[in-house]
Amino acid sequence: MSSIRRCIHGRTKKKTNNPPRDQAHSTHETLSHRNEEGHPNETIGKTKPDSTAIAKILFPIAGHDRKSYKAGTPGEFGHRRTKVRKHAGCDIYAAAGTPIRAVENGTVLFTHAFYYRTDEVTVDHGGYIVRYGEVDPESINVKIGDKVKRGQVIANVGQLITPSGEKYKQCMLHFEMYSSSTPIKNAMLTNDSKPYCRRSDLINPTATLDAADD
Ligand SMILES: [Zn+2]
């Protein structure tokens, strides 16, 4: 499993020599290191390297044409963002204020600041995690620990605003998936691991989104 994971993600076994920045980060590094080494881990061991094994989800935005995250577009998973960082999710373009639906039943793990004055809602959907990113902070209507139902509106698409105050014309739901439920509360999803700067069980959500129910 471990070697397959590395192949799929196009990266080689990494060393985590850098000292942790804080306690939460330290907890995460321990977790991801174990995954990379392939040590027995009941949760990780049952997961798949891509998203195809995940049950059919509900598409998070009703009536979407599903083109904005296709291969070759800036919204695709793995699109190069900087010299060293690749896009960690799929961008589902939609107007600010568009309702976002939970793709499956689940439990809310995190709600907090994400990117350019937007927030994230991160949900454990039972064996996998979805990070619903770039949502309107004012629109979030769930809190940590809440149970959500498939199809329940959890937030709206947010307005990206740069540090200089510029409003992005194109708003979106930034959709990330992780192949295991977090075995440690508050284990960081974002970290310094190149090329995605994410936890090691990050997966490509494209196939799951393509197959999702309307
Ligand atoms: Zn994105």
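In this predicted model, Glu120 stands opposite Gly133, a residue of strand 5. Strand 4, which covers residues 118–124, is joined to strand 5 by six bridges, and the two strands run antiparallel. Together, strand 4 and strand 5 form a hairpin, with four residues between them. In the turn of this hairpin lies Gly126, whose phi is positive, at about 85°.

How many of the residues of strand 5 are buried? Strand 5, spanning residues 129–135, is mostly covered, with seven of its seven residues buried. In a regular strand, side chains alternate between the two faces of the sheet. For the chain as a whole, 38% of the 214 residues count as buried.

The wider arrangement may now be considered. The chain contains four helices and nine strands. Read from the N terminus, the order of elements is α-α-α-β-β-β-β-β-β-β-β-β-α. Among the contacts in the chain with a separation of 6 or more, 64% are between residues 24 or more positions apart.

How values were computed: Residues are numbered from 1 along each chain as its sequence is written. This is a predicted model: local features need pLDDT of at least 70, side-chain atom pairs count only at pLDDT 80 or more; totals for chains, interfaces and linings use all residues. A residue is buried if 20 or more other C-beta atoms lie within 10 Å of its own, exposed if 12 or fewer, and partly exposed in between; C-beta atoms are placed from the backbone. Two residues are in contact if their C-beta atoms, placed from the backbone, lie within 7 Å. Two strands pair if DSSP finds at least two bridges between them.
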